[in-house]
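Colleague: I am new to this model. Please pick out one part, the packing of its core and the elements around it, and take me through it closely.

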Amino acid sequence: MTSSSMFAPPRFADFAAAAAGEKPLSARARRARFWQIIRLARTHKLFPIRRLDFTANPETSALRAAQARGLRTALETAGGGFIKAGQLLSTRDDLLPTEWVAELSRLQKEVSPAPTDAVHALLEREIGDRRTTFATFDDEPMAAASIAQVHRATLKDGTQVAVKIQRPGIVALIECDIDIMLRIARWIMRGSKQARQFGALDIARQYADDLMRQTDFGREGSNLEGLRAASVKANDGLHIPKLFAELSTERVITMEFVSGDTISSLTRGSSSNRVDNALKIVLRSFLRQLVIDGVFHADLHPGNIIIRPDGSPALIDFGSVGRLDRDLNRTVQDLAIAFLQGDTRRVADAALEIMPLANSADEPAFRRDLASFITNELGDGSRVTLRTVDRAVEVFTRWGTALPADLVAAGRAYAIFEGTLRTAAPRLDILAESRAAAEGLIASQFSPRSLAGTIGRGALGMLPGMRRMPEQVGRIVGDLSDGNLTVNIRLFANERDRKVITGVVRRVSGVTLGGAFAIGSLVMFSVPDVSGGVIAPATAGLVLAGGAVAAFVTAAIDTIIARGRR
């Protein structure tokens, strides 16, 4: 008699073992994984797809609950990237009915640890023998998830650390799972009207990108260091653990051990002042990361926020961190100031600086559309969900432009954190707290120290142009004397273009005037003092020098303001 185990579906460990050493899964293993997922879907009655109920009809609530239980069980059995994808999907209460979100939220956070020998082998390849690297190393992981597991260890100097180790073979397995998930998403799009309405394939692609980012521990280490540097500088009460770079690689991260309880474990009973106070600190810090630093934690769900024994909050898991370049960061600041003042016109101005419309004639209609969105979606008492971000994207797409991907990521990060605040601290007025925190952050930028830094950076930016100025002036004078100077003038119909040219002319005139004053000052200082004159040459030189300084400072400030608007 043949053992029935020969016909059992492949296990998670089988695929991980096949992918040991991060080699891509063979075509045979990929096909086996695909059919395993299909069998699981059939077993748990997830086929045919067109029968899945994503409506909010109260009469079919029991059907949705049964289908959601089937999906959760199938995802947990599949393991790999499917558990993580289900956890990400559980945050989309703006898209999925309550029954689906509630069941997906129950997805197990813990999975069976990877084989100890395989973990030791990976650790030795990456950072060396654990017995010589650490004073102590716990073979039993503190936590084991679908992508990695965390072990507690002690350095030779007694420092307690957490060692996050990637599951052996997980990268190859997740690449295979992503391919399967995208294929299934296409099937769902074809078979379900509701799925087409909320863009199931686009959501699957977003989560696929996020999954792959979370397997890059080198990026995660860089994210951790960037956030910690900004947090130490701000000193605002949020703790970011220290990275031990010499013990971190593409597959292993060693960081300071953070003791305490996660928000998710503390809020299982009821909200408390301790949780509320800690989350207020995290909110202020998150807005500082977003508005001032341009580097922000993009996955602030309850499991990634820890309250330490002294009541202060700390963050963990830095696989999903967003970054804004300098121009986008300035745009976010302009948007924040305009929003706080309730000035929809300035919100539109800031947006159009980096996202010009395809047809400038559409600008009045675009401004009305954007003002309507802000009033209806971001007014007092509004909830900022991931659907809110999607609607913002739709506004810009409708008028032939697109929000930068990094700006969309910032909006999604805020929506995820808003969901955490709504669940863990329901008594908080989130928009009011956000406004108060943002006002404080913006006000801090007008301190003497911050203004001095801003002026210094602006002056430094002007330095290359000032160095080239004598050569450029020489060329102009030479062309004038030779009769070869030509000027090409373009008449700008666009108001913003006219403002740009007016600003350039104003700044060039200021620099030229300052240069003339400076030259005149030097001349007057070189003239010998003559008695009986109306004004002494030295006095005239001082007056001209003061005029030169005033002209240069005015041009520098004008340049800084113009750059801040771009």
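Modeller: Start with phenylalanine 286. Apart from neighbours within four places in sequence, phenylalanine 286 is in contact with Phe296, His297, Leu300, Ala413, Tyr414 and Phe417; contact means heavy atoms within 4.5 Å. This is a predicted model, in which local features need pLDDT of at least 70 and side-chain atom pairs count only at pLDDT 80 or more, while totals for chains, interfaces and linings use all residues. Residues are numbered from 1 along each chain as its sequence is written, and side-chain values use heavy atoms, with hydrogens and water left out.

Phe286 belongs to the largest nonpolar core, which has 115 residues. Those touching the most other members are Leu279, Phe286, Phe296, Ile305, Leu315, Leu370 and Phe417. The largest share of this core, twelve residues, is supplied by helix H8 (residues 170–191). A second, separate core has 15 residues, among them Ile127, Phe137, Val163 and Phe244. A nonpolar core is a set of buried Ala, Val, Leu, Ile, Met, Phe, Trp, Tyr and Cys residues joined through side-chain atoms within 4.5 Å. Buried means under 20% relative accessible area, exposed over 50%, and partly exposed in between (1.4 Å probe, protein chains only). Helices (H or I, at least four residues) and strands (E, at least two) are DSSP runs, numbered from the N terminus.

Next comes a neighbour of H8. H4 packs against H8 at an angle of about 55°, and their axes are 9 Å apart. That makes H4 oblique to H8. Here the axes are lines fitted to C-alpha atoms, for helices over the stretch in contact, and angles run from 0 to 180 degrees between N-to-C directions. Angles under 35 degrees count as roughly parallel, over 145 as roughly antiparallel, 65 to 115 as roughly perpendicular and the rest as oblique. On the H4 side, Gly81, Phe82 and Ala85 meet Ile174, Asp177, Ile180 and Met181 of H8. By class, this contact has five nonpolar, one polar and one charged residues. Ala, Val, Leu, Ile, Met, Phe, Trp, Tyr, Cys and Pro count as nonpolar, Asp, Glu, Lys and Arg as charged, and the others, Gly among them, as polar.

H4 spans residues 81–89 and holds lysine 84. Lysine 84 counts as buried because its relative accessibility is 13%. Leaving aside neighbours within four places in sequence, lysine 84 is in contact with Ser146, Ile147, Leu211 and Gln214. Its C-alpha atom is separated by 9.1 Å from that of tyrosine 207, which is 123 residues away along the chain.

Strand E5 (residues 252–256) is mostly covered, with four of its five residues buried. Strand E4 (residues 160–166) runs antiparallel to E5, and five bridges join them; two strands pair if DSSP finds at least two bridges between them. Methionine 255 in E5 is the bridge partner of alanine 162.

Lysine 45, in the loop between H2 and H3, is exposed because its relative accessible area is 69%. Asparagine 235, in the loop between helix H11 (217–234) and E5, is exposed because its relative accessible area is 67%.

As for the whole protein, there are 22 helices and ten strands. Of its 566 residues, 43% are buried.
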